[in-house]
Amino acid sequence: MDPADFYTGIVAELYAPLKSGYEDPERYARFVLDSGEPALELGCGDGDPLLVLRSLGLDVEGVDSSADMLERCRGLAAVQGLDVTLHHQRMEALDLPHTYRSVYLAGPTFCLLPDDDTALAALRGIRSHLTDDGTALVPLFVPSPTPPDAVGVPRETTREDGAVLRVGVVAEERDEHTRTQHSALRYERVLDGASTVEERLWTIHWYTQDGFRALATAAGLETVAVQDEDGHHAAADADEFTFLLRPAR
């Protein structure tokens, strides 16, 4: 399923309360301060951490393929009294009127692109939207298979209005050759005795470090560094790593 279609309706509604973790805004604020403004957050969703960076006065815009998630971002920005510029576009078809000194993804959202061809198109879009002295930050990860005893066991939380919210993996397929994992996720909201259920197919496509470096090179980008979460050089077999890219000289 296309990410633009995945993050709609009940999934967009349940995304924030059922989110398993949040990105540290300090990491991305530091990146923007070091690399320069203006900045662009790709896959900004409902504004985590974009809105924190805007509250710090940083010149950051956001882009996302989901209209529902962008609407939630606008609503949260209004509540916080923040002005935010948002664009409704796909990452692999980026066509904005500006260039940016900093382009980043907050977390491994890039892995939602379904294959290498789509990834290459997205990297070319990043290149065309970077200034000549700009830098891009792209976190990536290699997903672990869902443990068999966790399949069918949902994560649950209760919202302030009493609604019980659940999400869980109900089936999963993994292809090491194509570096793709398909997980069927079941979302449920129970409110006043009424249950709303939606199942969506969530696809993760991962990369080797050498493979991603080759894609970046083909897109006209040069690899500056491959880092771990602490900013040190990432091990070659790391499951989580971040590419820093700049326009090829």
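Predicted model: local features only at pLDDT ≥ 70, side-chain atom pairs only at ≥ 80, totals over all residues.
1. Domain 1 puts 21 residues into the contact, and domain 2 puts in 25 residues.

2. Buried area. Domain 1 and domain 2 bury about 2000 Å² between them. Carbon and sulfur atoms account for 63% of that area. On the side of domain 1, Phe6, Leu18 and Trp206 supply 40% of the area buried against domain 2, more than any other three residues.

3. Polar and charged links. Three salt bridges are counted between domain 1 and domain 2. Between domain 1 and domain 2 there are also 10 residue pairs in polar contact, with both residues at pLDDT 80 or more. Elsewhere in the list of pairs, the side chains of Glu13 and Arg159 form a salt bridge, at 2.7 Å from N to O.

4. The face of domain 1. Two elements, α1 (3-6) and α2 (9-18), each give two or more residues to the side that touches domain 2. The largest share, six residues, comes from α2. By type, this side of domain 1 has 15 nonpolar, two polar and four charged residues.

5. Leu123. Leu123 is buried, because its relative accessible area is 0%. Beyond its neighbours within four places in sequence, Leu123 contacts Phe110, Phe212, Leu215, Ala216, Ala219, Leu221 and Leu245. Phe212 is 89 residues away from Leu123 along the chain, yet their C-alpha atoms are separated by 10.0 Å.

Technical notes
Residues numbered from 1 in each chain as written. Heavy atoms only, no water. Buried < 20%, exposed > 50% of the residue type's maximum accessible area, 1.4 Å probe, protein only. Contact = heavy atoms within 4.5 Å. Buried area = accessible area lost by both parts, 1.4 Å probe. Salt bridge = Lys/Arg side-chain N within 4 Å of Asp/Glu carboxyl O. Polar contact = N/O pair within 3.5 Å; in protein donor to acceptor, adjacent residues only side chain to side chain. Helix = DSSP H or I, 4+ residues; strand = E, 2+ residues; numbered from the N terminus. Nonpolar A, V, L, I, M, F, W, Y, C, P; charged D, E, K, R; others polar.
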